[in-house]
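Hi everyone, thanks for making the time. Have a look at the structure on the screen, and I'll walk you through a few parts of it.

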Amino acid sequence: FDREEVRQLKATVLQASTVVITSHRSPDGDAVGSSLALHHVLRQLGVTSEVVMPDPFAKFLHWMPGQESVVIYEQDKGRTAQLLSDADVLFCLDYNAPSRAGDMADLIREAAESPDVHVVMLDHHQQPEPFANLMLSDPNSGSTAELVYRLMIAWDCEAQLNKDVAACLYC
């Protein structure tokens with residue numbers, strides 16, 4: 001991730017009013033962990049962000065720091081729709097196509113079509129659909145959490161690798 005567009009992404013994120021981090025339906029440890037890790041990194045950079053999941057994640061993942069603040073689309077469709085429509089930057093983590101976001105797919109597509117939203121896909125699955133402004137896709141990576149870590153390195157954010165970030169990346 002040593003590309004200029006990744007460095008530009010950091011500048012865009014730092015100037016954003018609203019950053020939303022999403023993941024796929026039936027979120028697993030990589031989806032929840034990578035989303036919360038990025039959320040913690042952004043908070044340390046002074047950027048307010050919200051994590052949104054299409055549906056609840058398994059209770060055995062509730063040990064992760066910050067999980068209590070995750071917005072669940074199935075439980076709060078109005079708030080989710082508002083967050084996505086207000087987003088300046090929308091991160092799509094651990095999924096390669098809007099359809100993988102389940103019932104949130106249409107909201108993701110609408111955001112991707114808006115000229116006011118910078119959509120970033122960060123994913124390790126094969127055959128991504130070209131729906132995002134910036135697609136950081138690497139099917140050779142073992143997880144999206146690994147890609148979040150690589151993004152941190154590209155952003156010179158090694159100092160932000162604290163206990164909360166590490167725990168989420170580890171999951």
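**Helix packing**

Let's begin with helix 3 (residues 77–86) and helix 4, which pack at an angle of about 15° with their axes 9 Å apart. Since angles under 35 degrees count as roughly parallel, over 145 as roughly antiparallel, 65 to 115 as roughly perpendicular and the rest as oblique, helix 3 is roughly parallel to helix 4.

A quick word on what you're looking at: this is a predicted model, where local features need pLDDT of at least 70, side-chain atom pairs count only at pLDDT 80 or more, and totals for chains, interfaces and linings use all residues. Residues are numbered from 1 along each chain as its sequence is written, and side-chain values use heavy atoms, with hydrogens and water left out.

Helices (H or I, at least four residues) and strands (E, at least two) are DSSP runs, numbered from the N terminus. The axes are lines fitted to C-alpha atoms, for helices over the stretch in contact, and angles run from 0 to 180 degrees between N-to-C directions.

Which residues of helix 3 meet helix 4? They are Thr-80, Ala-81 and Leu-84, and on the helix 4 side we find Leu-107, Ile-108 and Ala-111; contact here means heavy atoms within 4.5 Å.

Now for helix 2 (residues 29–44) and helix 5, packed at about 20° with axes 8 Å apart. That angle makes helix 2 roughly parallel to helix 5, and their crossing is right-handed. Helix 2 brings Asp-30, Ser-34, Ala-37, Leu-38 and Val-41 to meet Thr-144, Ala-145, Val-148, Leu-151 and Met-152 of helix 5.

**An aromatic pair**

The structure holds one aromatic pair. The ring centres of Tyr-95 and Phe-131 are 6.3 Å apart and the planes lie at 10°, so the pair is stacked. For the cut-offs, rings of Phe, Tyr and Trp (its six-membered ring) pair if their centres lie within 6.5 Å; planes under 30 degrees apart count as stacked, over 60 as edge-to-face and the rest as tilted.

The pair links distant parts of the chain, 36 residues apart: Tyr-95 is in the loop between strand 4 (89–93) and helix 4 (105–113), and Phe-131 in the loop between strand 5 (118–123) and strand 6 (134–137). Tyr-95 is buried at 0% relative accessible area, and Phe-131 is buried too, at 12%. Buried means under 20% relative accessible area, exposed over 50%, and partly exposed in between (1.4 Å probe, protein chains only).

**Out in the loops**

Gln-127 has a positive phi of about 55° although it is not a glycine. Gln-127 sits in the loop between strand 5 and strand 6, exposed at 72%. Asp-156 also has a positive phi of about 55° without being a glycine. Asp-156 lies in the loop between helix 5 and helix 6 (163–170), and is exposed at 64%.

Definitions and conventions. A crossing is left-handed if the near helix is turned anticlockwise from the far one by less than a right angle, and right-handed if clockwise.
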